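Hi everyone, thanks for coming. Let me put the structure up on the screen, and then I'll walk you through a few places in it.

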Protein chains: 2
Amino acid sequence: MPDSTQPIGIFDSGVGGLTVLAQIARRLPSERLVYLGDTARVPYGTKSPDTVARYARACARVLLSNHVKMVVVACNTASAFALEILQDELPLPVLGVIEPGARRAVLSTRNKVVGVIGTAGTVGSGAYQNTLTALEPGLRIHTAPCPLFVPLAEEGWIDGEVPEAIAKKYLDPMLRAGVDTIVLGCTHYPLLKNTIGLAAGPDVVLVDSADATSEVVAEILAGLQIASTTAATDSPRFLVTDSPDSFARLGARFLGHELADIQWVDIA
Amino acid sequence: MPDSTQPIGIFDSGVGGLTVLAQIARRLPSERLVYLGDTARVPYGTKSPDTVARYARACARVLLSNHVKMVVVACNTASAFALEILQDELPLPVLGVIEPGARRAVLSTRNKVVGVIGTAGTVGSGAYQNTLTALEPGLRIHTAPCPLFVPLAEEGWIDGEVPEAIAKKYLDPMLRAGVDTIVLGCTHYPLLKNTIGLAAGPDVVLVDSADATSEVVAEILAGLQIASTTAATDSPRFLVTDSPDSFARLGARFLGHELADIQWVDIA
């Protein structure tokens, strides 16, 4: 059984999962955090289920060798294709971002018409659709893959005419279908929240799973009695599979501050 | 020394290099071709030089084990970061796409003001700038990374208002600087040639290195007397590191016909 002094491990295909790390750090300031970004093989959202599962396993192994007490899969595509595999194989609690986000969406919707946007992999997997339907069988669900949102977010091209035109094109069918809630089913999308909100209009609630996920992390640690009881003195450690330099640059945009400790790991 | 009956090996980060394969197949119909797309780790254009060089070496090893007589690096980013390494290390002729494209641009420009567009990696490497300047010291060169062009091409969103607005934004500074020739320094960009041409206007020549590269392939094979002397009866073989299914789908869009023989290789 893991113990309370061990860090929480978080992994993502790249920088996107930093939105999840930020919420966990905010809600659980006593916890030590280790984050792995598989930046050499990013993105996962366009890759096949088998490849994503293989990469997710490799990421989890790195976190295990860093003695984490739980693993957070802070990537929607990896959550969609590999969460059950990791839960079966790892001797630790493993949490994805899909169920926490789906729960928030079910609480939010009034007309029971919900939209889900994400990568081609996440949307095509049916993971959100299955989870939402299990939580609330009567729900009507509309999905749209939004493949340009990740490169827009990574380029920092998050406002203005072009991103708005792209968002309108992606969201138009689900808006015409009357969704009152849209799940941002990719960890990059919170960076485009302003533009997505303009396209969706003021009456549509945007659900960001990062905060919902941090809430479930807190519940799991409390339930297993492995929450940290002493204040964390070290800032998060970051592990990456591509160059630490570009991660530092992009990561600062996601977190709004510099990242202190970034190391390269050789798994890709 | 390789012999004339061996196939030509071509690799790219994904499907983009199929534009190069198509030109080689058209110009050299007697040659057998083996194409490797590193689709599990695509894209290379956002990755660091070390990571791209590592991946390029792994791709070249796969081609060597398939008994190729020469290696064509059909990816601008890999050509920028790994061509010299591969030329040093491999016991075979190795050709990239940058020098052939740069030669065409030098022949095309009248006012000696040339633009280069490509991935962040290719543009940042300075490879085109160095090659162009070596060929024609007086040239004025304007560059622009166009990170959204690859996802646009892969999504097939190649015409209309949004791609045009993106192209205008990327090209505007170099057009104002008076370029009369623009090198399409990424193998995906020929799919957006129509839209890029609308943004650039009718007086600007767009240089596509795929055809220029096929010309140099023919020269090298003739020079070494290893050109095939008997008609090829087999269609190209395709090797991929992610699922053959998605490559088949995207590849058909690039080549305009179905791909017959696609195999998965385990290097990623």
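A bit of housekeeping to start with. This is a predicted model, where local features need pLDDT of at least 70 and side-chain atom pairs count only at pLDDT 80 or more, while totals for chains, interfaces and linings use all residues. Residues are numbered from 1 along each chain as its sequence is written, chains are lettered from A and ligands numbered from 1 in the order in which they are written, and side-chain values use heavy atoms, with hydrogens and water left out.

Next, a sheet in chain A. Helices (H or I, at least four residues) and strands (E, at least two) are DSSP runs, numbered from the N terminus. Two strands pair if DSSP finds at least two bridges between them. Here 4 strands form an open sheet, in the order E6-E5-E7-E8, with parallel pairing. Which strands stand at the edges? Those are E6 (140-145) and E8 (205-208) of chain A; each has a single partner strand, so one side of each is left without a neighbour in the sheet. On average, neighbouring strands of this sheet are turned by 25° against each other, direction ignored.

Let's zoom in on one pair. Strand E5 (residues 113-118) of chain A pairs with E6(A) in the parallel sense over 6 bridges. One thing to click on is Gly118(A), whose bridge partner in E6(A) is Pro145(A). Helix H6 (residues 127-135) of chain A packs on the sheet, touching E5, E6 and strand E7 (181-184) of chain A, and its direction makes about 165° with that of E6(A). Helix H8 (residues 161-176) of chain A packs on the sheet too, touching E5, E6 and E7 of chain A, at about 170° to the direction of E6(A). Contact means heavy atoms within 4.5 Å. For the angles, axes are lines fitted to C-alpha atoms, for helices over the stretch in contact, and angles run from 0 to 180 degrees between N-to-C directions.

Over to chain B and helix H10 (residues 209-223). H10(B) has 15 residues and reaches 21 Å from its first C-alpha to its last, close to the 21 Å expected at 1.5 Å a residue; the expected span is 1.5 Å times one less than the number of residues. Asp208(B) caps its N-terminal end, with a side-chain oxygen 2.9 Å from the backbone nitrogen of Ala210(B). Just after the helix, Gln225(B) takes a positive phi of about 55°. Among the buried residues of H10(B) are Ala212(B), Val216(B) and Leu221(B). Buried means under 20% relative accessible area, exposed over 50%, and partly exposed in between (1.4 Å probe, protein chains only).

A cis peptide bond joins Val42(A) and Pro43(A), with omega about 0°, and Pro43(A) is in the loop between strand E2 (33-37) and helix H2 (49-65) of chain A. In chain B, the bond from Val42(B) to Pro43(B) is cis as well, with omega near -5°. His67(B) has a positive phi of about 60° although it is not a glycine, and it sits in the loop between H2 and strand E3 (70-73) of chain B. Is His67(B) buried or exposed? At 55% relative accessibility, His67(B) counts as exposed.

Last stop: Thr241(B), in the loop between strand E9 (237-240) and helix H11 (244-255) of chain B. Thr241(B) is buried, with a relative accessible area of 0%. Leaving aside neighbours within four places in sequence, its contacts include Thr51(A), Arg54(A), Ala40(B) and Trp264(B). That's where I'll stop.

Key
A polar contact is a pair of N or O atoms within 3.5 Å; within protein, one must be able to donate a hydrogen and the other to accept it, and residues adjacent in sequence count only if both atoms are side-chain atoms.
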